[in-house]
Amino acid sequence: MSFKLSATLAALSLSLLASLSAVSAQQCNATSLCQSSAPCCSEFGFCGTGSFCMGGCNPLASNTLTSCMPEPVCQNANYTFTDFSRILTNSTLFDGNATKYDFVINQGAIINGSSPGELAMTLTESNGGTRLSSTRYVHYGTINARLKTGKWGGVVTAFITMSDIKDEIDWEFPGAATTQGQSNYFWQGVIPSQTQGDIHGNLTDTFVNYHDYTIDWQQDTLTWLIDGNAVRTLKRSDVTGSDGVSRYPSTPSRIELSIWPAGINTSAQGTIDWAGGMINWNDPDYVAAGHFYALVQSVSVKCADASSNPAGAQSYVYGKNTSAFTPAVDVTNQTTVNNGAGPRAGAYGGVWGAVVAGTMLAVGALLV
């Protein structure tokens, strides 16, 4: 599950804090907001400026709803990887210009696969895995990733969507279970008391063969597909409780691709078991190549709002909450480019009347 990845990355982020100048020691969450001197709450829950205000910045835990930079709006696209010129290798250098880069590397390293057009995400004993995030956000739409997964116990391959307030939709592939994929979803990082994850089996070997994994995320229906065949569907109405809250992912999200180490000493035993045990760093494949890996051939995005957004739409911005569970998302013409200007400050303007209410509560995960 990606929340386990987030925990791993959060630990690694502590080592990065010393090298980032515009960082506050303050941790942040929805009940402990950042101060104006370091207004942006990063995806790891620390206050800062600069890159902390970019992708992953949590507006509900930042100093104000407009402390984070606006999120680049969705655009229909088909991403292939014949070269890596549109992938920024250091996410902290991203200035918000999504016309220049399609993905950023948050951690780890990518290399060319053995066949033309393959992107290999690597995992080594020292790098903690690799994670790529899209520079643009999706606010409902259809996202497809064509992947070959890892095959080693303790090694997890993932294709997910993640919003800045931790709305999440998952495809995950744990360990040596190469005949199945696992679907899941969350809201704001809250872990439910009972798993809402599901297992989808009878696949041909996911390490040897490419498969198309699809997240078809619409306003009222969420469908997971494998090779064009629906394997699971969730309706918004299915997860609307007696309290009237719809427990359904509803906020703009980045696409994330990753390979990460679940089978390590710092993981919980349940996580290790779920991932197929401890990683064998003496595995012949690892010794020969110097890394474990997962392959990506392509990623495609069809935005649900592409035709309805106003001309010149550039960004999504969180608006004032109508209630604790319904943060509004505005489609705006605000720039997403920070230009190294430091802290994000001031009130936002240029908001058109396209306000989309998002309702969210977490349900779903493969709890281990």
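Which residue in β13 does Phe159 stand opposite? Phe159 faces Trp171 there. The model is a predicted one, so local features need pLDDT of at least 70 and side-chain atom pairs count only at pLDDT 80 or more, while totals for chains, interfaces and linings use all residues. Residues are numbered from 1 along each chain as its sequence is written, and side-chain values use heavy atoms, with hydrogens and water left out.

Now for the sheet. An open, mixed sheet of 8 strands runs in the order β6-β7-β10-β19-β12-β13-β14-β15; strands are DSSP runs of E with at least two residues, helices are runs of H or I with at least four, and both are numbered from the N terminus. β6 (87-88) and β15 (198-200) sit at the edges with a single partner strand each, so one side of each has no neighbour in the sheet. Within the sheet, β12 (residues 155-163) pairs with β13 (residues 168-174) in the antiparallel sense over 7 bridges, where pairing takes at least two DSSP bridges between two strands.

On to the rings. There are 15 aromatic pairs, counted when ring centres of Phe, Tyr or Trp (its six-membered ring) lie within 6.5 Å, with planes under 30 degrees apart called stacked, over 60 edge-to-face and the rest tilted. Trp281 and Phe292 have centres 5.8 Å apart and planes at 40 degrees, so this pair is tilted. Trp281 lies in the loop between α2 (269-274) and α3 (284-289) and Phe292 in β20 (residues 292-303), so the pair ties together parts 11 residues apart in sequence. Trp281 is buried at 18% relative accessibility and Phe292 is buried at 0% (buried is under 20% relative accessible area, exposed over 50%, partly exposed in between, with a 1.4 Å probe and protein chains only).

Charged side chains come next. The whole structure holds 9 salt bridges, meaning a side-chain nitrogen of Lys or Arg within 4 Å of a carboxyl oxygen of Asp or Glu. One of them joins Glu256 and Arg131 at 3.0 Å, N to O. This pair links distant parts of the chain, with Glu256 in β19 (residues 253-261) and Arg131 in β10 (residues 130-138), 125 residues apart. Glu256 is buried at 5%, and Arg131 is buried at 3%. Another salt bridge connects Asp285 and Lys151 at 3.5 Å, N to O. Asp285 belongs to helix α3 and Lys151 to the loop between β11 and β12, so this bridge ties together parts 134 residues apart in sequence. Asp285 is partly exposed at 32%, and Lys151 is partly exposed at 34%.
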